[in-house]
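Walk through this model from its overall layout down to single residues. Keep the sequence and the 3D view side by side as you read.

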Amino acid sequence: MSLNVVKDATCTFCGCVCDDIELHTEGDRIVKAKNACSLGDAWFKNHTAERLFPDALIDGKPATLDSAVKAAADFLYDANMPLVYGLSNITCEAQREAVALAEMIGGVVDSHTSL
Ligand code: SF4
């Protein structure tokens with residue numbers, strides 16, 4: 001298997017958008033992300049072109065998207081202090097919808113970078 005190197009790759013994981021990442025790939029997998037922080041390194045190395053997960057999960061089990069949306073709505077409706085969390089790897093439009101949802105339900109927003 002040959003090693004490929006991509007220079008000046010951009011990491012879009014946390015929003016800092018570092019654009020000096022050097023990626024090393026073997027086949028479909030990224031094996032090294034030089035200059036990336038630990039978050040970016042994990043992000044690059046754990047993303048492939050393979051489809052690893054179903055469209056949705058409920059309690060860790062595969063579910064339809066419709067049933068997952070209903071389950072999420074039920075969780076949020078029943079929550080005392082709803083938290084809209086994550087928001088990485090999604091579009092600006094999706095982030096906008098998440099913030100609107102948090103405002104609608106009286107919740108708060110946090111991103112994974114608070115870790
Ligand atoms: S996760 Fe790390 S490498 Fe990626 S954009 Fe953010 S700071 Fe840069």
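Helix H2 is hardly covered: among its 14 residues, the count of buried ones is 0. A residue is buried here if 20 or more other C-beta atoms lie within 10 Å of its own, exposed if 12 or fewer, and partly exposed in between, with C-beta atoms placed from the backbone. H2 covers residues 65-78. Its end C-alpha atoms are 20 Å apart, which agrees with the 20 Å that its 14 residues should span at 1.5 Å a residue. The expected span of a helix is 1.5 Å times one less than its number of residues.

A word on the model itself. It is predicted: local features need pLDDT of at least 70, side-chain atom pairs count only at pLDDT 80 or more, and totals for chains, interfaces and linings use all residues. Residues are numbered from 1 along each chain as its sequence is written.

Helix H3 comes next. H3 takes in residues 92-105, 14 residues in total. From its first C-alpha to its last it reaches 20 Å, close to the 20 Å expected at 1.5 Å a residue. The number of buried residues in H3 is 0, so the helix lies largely in the open. Leu101 is part of H3. It has 16 C-beta neighbours inside 10 Å and therefore counts as partly exposed. Ser88 lies 13 residues from Leu101 in sequence, and their C-alpha atoms are 16 Å apart in space. After H3 comes Gly106, with a positive phi near 70°.

Now step back to the whole chain. It holds 3 helices and 7 strands. Helices (H or I, at least four residues) and strands (E, at least two) are DSSP runs, numbered from the N terminus. Read from the N terminus on, the order of elements is β-β-β-α-β-β-α-β-α-β.

How does the radius of gyration of the chain stand against that of a compact globule? The chain has 17 Å, while a compact globule of 115 residues would have a value near 13 Å. The radius is taken over C-alpha atoms, and the globule rule is 2.2 Å times the number of residues to the power 0.38. Along the principal axes, the C-alpha atoms fill a box of roughly 50 × 30 × 25 Å. Of the 115 residues, 8% count as buried. Among contacts with a separation of 6 or more, 27% are accounted for by residues 24 or more positions apart. Two residues are in contact if their C-beta atoms, placed from the backbone, lie within 7 Å.

The chain is divided into two parts. Domain 1 is 3-45 and domain 2 is 56-114. Their C-alpha centres lie 27 Å apart. The domain bounds come from an automatic or database domain assignment.

Next, follow strand S3, residues 29-34. Ile30 sits in this strand. Is Ile30 buried or exposed? It is buried, because 21 other C-beta atoms lie within 10 Å. Setting aside residues up to four places away in sequence, Ile30 touches Leu23, Thr25, Phe44 and Lys45. Gly107 is 77 residues from Ile30 along the chain, and their C-alpha atoms are separated by 37 Å.

Lys34 also has its place in S3. It is partly exposed, with 13 other C-beta atoms within 10 Å. Leaving aside neighbours within four places in sequence, Lys34 is in contact with Ile21 and Glu22.

Asn35 lies in the loop between S3 and helix H1 (38-45). Its phi is positive, about 85°, although it is not a glycine. With 15 C-beta neighbours inside 10 Å, Asn35 counts as partly exposed. Asp8 has a positive phi too, of about 55°, and is not a glycine. Asp8 belongs to strand S1, residues 3-9. It counts as exposed because it has 10 C-beta neighbours inside 10 Å.

Finally, the ligand. What surrounds it? The shell consists of Cys11, Phe13, Cys14, Cys16, Val17, Cys18, Ala36, Cys37, Leu39 and Gly40. A residue is near a molecule or strand if its C-beta atom, placed from the backbone, lies within 6 Å of it. The shell divides into 9 nonpolar residues, 1 polar and no charged. Ala, Val, Leu, Ile, Met, Phe, Trp, Tyr, Cys and Pro count as nonpolar, Asp, Glu, Lys and Arg as charged, and the others, Gly among them, as polar.
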